[in-house]
2 protein chains.
Amino acid sequence: MSVFFYGFLFGKENPDAFLIVTKSKKLKNKFMYIENINSPADVKKLSLAELEVLGEEMRHFLLKKLSEHGGHIGPNLGMVEATIALHYVFDSPTDKFVFDVSHQSYAHKMLTGRKDGFLNPKSYDEISGYSCPAESEHDFFEIGHTSTSISLATGLAKARDVKGDDGNVIAIIGDGSLSGGEAFEGLNNAAELNSNFIIVFNDNEMSIAENHGGMYRNLKELRDSKGSCSNNLFKAMGMDYVYVEEGNDVAVLIDAFRKVKDIDRPIVVHIHTLKGKGYAFAEQNKEAWHWGFPFNLETGESSVQPGGPDDDYACFTAGYLLRLMRLRENLVVLTAGTPTVGGFTPDKRAEAGSRFVDVGIAEEHAAAMASGLAKAGCVPVWPVYGTFIQRAYDQISQDICINKSPVVMLVFCASVYGMNDVTHLGLYDIPLLSNIPNLVYLAPTSKNDYFAMLEWAVRQKDYPVAIRVPGNGMVRLQEFPDADYDYRCYKMRKKGSRVAVLALGSFFQLGEGVVDGLKDALGIEATLINPRFITGLDADMLERLKSNHEVVVTLEDGILDGGFGEKIARFYGPSAMKVLCFGIKKAFYDRYDVNELLKDNHLTVPQIVDDVKQILEQSAC
Amino acid sequence: MSVFFYGFLFGKENPDAFLIVTKSKKLKNKFMYIENINSPADVKKLSLAELEVLGEEMRHFLLKKLSEHGGHIGPNLGMVEATIALHYVFDSPTDKFVFDVSHQSYAHKMLTGRKDGFLNPKSYDEISGYSCPAESEHDFFEIGHTSTSISLATGLAKARDVKGDDGNVIAIIGDGSLSGGEAFEGLNNAAELNSNFIIVFNDNEMSIAENHGGMYRNLKELRDSKGSCSNNLFKAMGMDYVYVEEGNDVAVLIDAFRKVKDIDRPIVVHIHTLKGKGYAFAEQNKEAWHWGFPFNLETGESSVQPGGPDDDYACFTAGYLLRLMRLRENLVVLTAGTPTVGGFTPDKRAEAGSRFVDVGIAEEHAAAMASGLAKAGCVPVWPVYGTFIQRAYDQISQDICINKSPVVMLVFCASVYGMNDVTHLGLYDIPLLSNIPNLVYLAPTSKNDYFAMLEWAVRQKDYPVAIRVPGNGMVRLQEFPDADYDYRCYKMRKKGSRVAVLALGSFFQLGEGVVDGLKDALGIEATLINPRFITGLDADMLERLKSNHEVVVTLEDGILDGGFGEKIARFYGPSAMKVLCFGIKKAFYDRYDVNELLKDNHLTVPQIVDDVKQILEQSAC
């Protein structure tokens, strides 16, 4: 299963809700239309009444697949009618659609030759959860991060104009994505195109969780006044503007899109849709149904139970931080639109009150605000996905690290065991973060390590600290680790000779296996080290290893380039010590099988033992 | 001299202009006020008439220092009155100012105990060109990148509220900086603070160059209507709003700031100022006078002559791209608010017409738009400073590299010889860019290399390419290098034995020196290699070196962590080859002396030769 998500799924409630779609009489008939849609041309052949039935069919299959497979639920259900209308009016791929973050692109996939990925369970995995040019000429980009659609689309439009080509360019973006600054950069620049450019602004009144920010008051004004209020964010950004209240009415949408088709200037079409439309559970608890694991269609119950504090780092983190908030009045937890990454489900957010700040999808702002909080004496803690922290590199470097602001960043899903869609990989954070000066990047190997590191991080004032939350499940040790992290000491876990294994973070358990394997296969009592620090070498310990070791093995759960092992290789470069670095080869991977990826990268115990054996044999020659 | 800038200085014109300030009668008197300003408390003691004289004195000394020392001219001249009024009304540091990008912070420095840095030429270098907490309790952050002030200030405001502290929080941001998305993320979130928060929006109708984007039409409407037009960007973002037309009138500004002092909600005070105010050259040619090298105060002539295509990579680049535009209709050059980085002075922008796109200070948008252009068949070329490319890491990774869009990025000032202010260092781009999959990062060593790489980059369609423009001046070779860059081959420049020197990019000439030094000192005929590729190892050549070399030396013009040398060290990790990596130690440096920094990092020929000698002696033991 593809593990694509923006927020964990917790707290599905309301067992009294009923299934709107499956109660529909129309769907008791044989499916007539969706089975015959092989391209947008087939959509154009249907009558208005038939298009409405098509919508119900699509919603039925969307729900069936999502309940069996998981995926983005709410945003896709809300965009069924608009997607039908877009393909009815415009001529894809001559007219080009760019779906922001792809959370609302499933209906588009169903209408562009990829219906089997929804109708046929055997084909579910054949299409990705994101727009994908490899699948279809109707997709132009791999997109999985928010707020980029307008900018990408302005590139398409500018190229059209430069080359003298024809066609409409249409960016489809939701109200949640609008909080990301790049969307404004895009709006500001789109308004300067003196040519066709259409932004379909899909306003379902929700981000992943609730929306946050002043502009949402203007969006409400616009909805309440049916787009007629005098103050208008889009017009203020220089765009032309129309409002469509009935964002789930195919006929109204067709009419609206026809009016802007082939327009000679940039325009925003603001459509008001219902997130989760057609599935009562999803309509009523929009956050819980933004994305979901497989679930029971009748009851809404998830097939995957959320973890507790003893088996889930997110849940443990929220519990820890909430307890700490009671003791320390200056602790503030931040999120950039993904509150549940650190376990802050709605109930826990309510408990934290004003000490929990959701800035919306705005990682740059989150990083800079955290720096401000730290400078003014607060302890800011920012739980964040590894794939999204890269959206704030400059702010982490400039605002946090140059300023030595003691911000605590908890980096989740930074692991080969994290999300496996190409846009959401957790393999690049070590080169990204660990090469920024002043930052202390810690790699816990267990719950005990993690707790001790958190304790140290929130109590010190000297460093920006990031903690790489293990991605390989929660390991608990009997032994309690030292909590002194302000000197750069690795932890010697087993003293041996000949071979030393530096097993970083979530690959520590792999290191234990390698040490056992070396004993079994070669009779070597190898040394095992928990480096704890991704940043900063323990030069003393590394130096001491030279006296009775021939080979140092490094293991890291991420790409090798720019990572931890290369620093060890540089350290030993001028010496006789042999260094073998194990990790993932630098590349983008899509929906990989984790065991295959590990095997392809020589990351199994037998492979590593064998590689070490070869080096030892070469040295002996 | 501190080399801080945002855009080179070209095209100072209008020799008929006269110096407003130095003709002022008032300044023929003995300076009375500025000499006695040791803190903001001293500002508050003056009468309105005295404050006006103070402003003229400050402007006089600003101009005197800038003409002798260089620095940001236009933005600081425009903010003199507003800064006086801010310090007159508010109580810094209890009330906290955050100056965006610091381009307009000089007057603030003059009034907060740092006047000597402007009045006394011997002290000019004692204060930085940016806000600096190490200098004064009135500065809270080191800031040199744009669009962050609102976000940083929301952190200060939130901390105040959480801790129950008092005081106003004031972010000062210019209209140019507003095009950066983070400023909107900040506005959106600031509007949610239910407490005091003041944004002084300094509208001087300019960015570094002219402004670009739809929102600037609304700002014009606001100015034209004196803030009364119905459509209002700031109100649409949820902010309260007031307009002040007389942004260079101390009395009016004092009145305006008094009205918002201690306000209980977020508000924008939109002040209309004149960039370059008080210096006719700067008022009339705002772009040329945004930042400048030292200049003749009477004539406006710069003390530094702009380079030509034979000695300046920027000028050469613009010339090359303009010629190519005539041949290829699909070439588009982009900039994010710094058009002159690639040599596009106003005349060259006019020549390029619509094929030159300035998106404003909006690096994220620039990267994504470039991807869109490439996907639709254009050849987008983006000249960009190394320090600013880090603002678009996520877009380079996601939108460009995952999508394999053949975008060409020209990375300027990425070198120890580049800008030396802590916020503008060019030392971190190799770890940042070279560890992103799919990207080809090239390091030319000469004008010839650069030209060949450019030629290849704009003609291929397979890779996103970045070229690290040499920072050590333009070197021209007799020999013309190969232009085949689509296989990963290093260039063997001199075949030798025992020691191989891999001298990357702008450190190639250092490598030549090392090879000479090894011969002189040790009689060794060392091998010299121009790696050309920062990304991708030439494994064949590296493998062949094993047969008759004992030591490989890597030289790179940037930090060592995550860089080029470490990849070489990893390659040779399992072998007997010794590797010595030379580069800069990971740290932030501020206003360094380049020769001292090189020496501190063992980057002189004698030091490197000596280090190699030691290794060879150890191996011999």
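This is a predicted model: local features need pLDDT of at least 70, side-chain atom pairs count only at pLDDT 80 or more; totals for chains, interfaces and linings use all residues.
Me: Which residue of strand 11 of chain A stands opposite Trp382(A)?
Reply: Strand 10 of chain A also runs parallel to strand 11 (residues 408–412) of chain A, and five bridges join them. In strand 11 of chain A, the residue facing Trp382(A) is Met409(A).

Me: Are the residues on the two faces of strand 10 of chain A buried or exposed?
Reply: In a regular strand the side chains alternate between the two faces of the sheet. On one side of strand 10 of chain A lie Val379(A), Val381(A), Pro383(A) and Tyr385(A), and on the other lie Pro380(A), Trp382(A) and Val384(A). Seven of the seven residues of this strand, 379–385, are buried. Both faces are therefore covered, and the residues on them are all buried.

Me: How does the radius of gyration of chain A compare with the globule rule, and what is its value?
Reply: Chain A contains 24 helices and 18 strands. For its 621 residues the globule rule gives 25 Å, and the computed value is close to this, so chain A is as compact as a globular protein of that length. The radius of gyration of chain A is 26 Å.

Me: What percentage of the contacts in chain A with a separation of 6 or more is accounted for by residues 24 or more positions apart?
Reply: The C-alpha atoms of chain A fill a box of roughly 80 × 55 × 50 Å along the principal axes, and 62% of the 621 residues count as buried. Among contacts with a separation of 6 or more, the share from residues 24 or more positions apart is 78%.

Me: What relation holds between chain A and chain B?
Reply: Chain A is superposed on chain B by a rotation of 180 degrees, with 0.0 Å of shift along the axis and an RMSD of 0.0 Å. Of the interface residues of chain A, 100% are also interface residues in chain B, so the copies meet through the same surface. The relation is that of a two-fold axis.

Me: Which helix gives the largest share of the side of chain A that touches chain B?
Reply: The contact takes 97 residues from chain A and 97 residues from chain B. The elements giving two or more residues to the chain A side include helix 8 (181–190), helix 15 (363–375) and strand 18 (578–584) of chain A. By class, this side has 40 nonpolar, 36 polar and 21 charged residues. The largest share, eleven residues, comes from helix 7 of chain A.

Me: At what angle do the axes of helix 8 and helix 9 of chain B cross?
Reply: The contact of helix 8 (residues 149–163) with helix 9 (residues 181–190) of chain B involves Ile150(B), Ser151(B) and Thr154(B) on helix 8, and residues including Leu187(B) and Ala190(B) on helix 9. By class, this contact has four nonpolar, four polar and two charged residues. The two axes come within 7 Å and cross at roughly 35 degrees.

How values were computed:
Residues are numbered from 1 along each chain as its sequence is written. Chains are lettered from A and ligands numbered from 1 in the order in which they are written. Two residues are in contact if their C-beta atoms, placed from the backbone, lie within 7 Å. Helices (H or I, at least four residues) and strands (E, at least two) are DSSP runs, numbered from the N terminus. Ala, Val, Leu, Ile, Met, Phe, Trp, Tyr, Cys and Pro count as nonpolar, Asp, Glu, Lys and Arg as charged, and the others, Gly among them, as polar. The radius of gyration is taken over C-alpha atoms; the globule rule is 2.2 Å times the number of residues to the power 0.38. A residue is buried if 20 or more other C-beta atoms lie within 10 Å of its own, exposed if 12 or fewer, and partly exposed in between; C-beta atoms are placed from the backbone. Axes are lines fitted to C-alpha atoms, for helices over the stretch in contact, and angles run from 0 to 180 degrees between N-to-C directions. Copies are superposed by least squares on the C-alpha atoms of residues with pLDDT of at least 70 in both. Two strands pair if DSSP finds at least two bridges between them.
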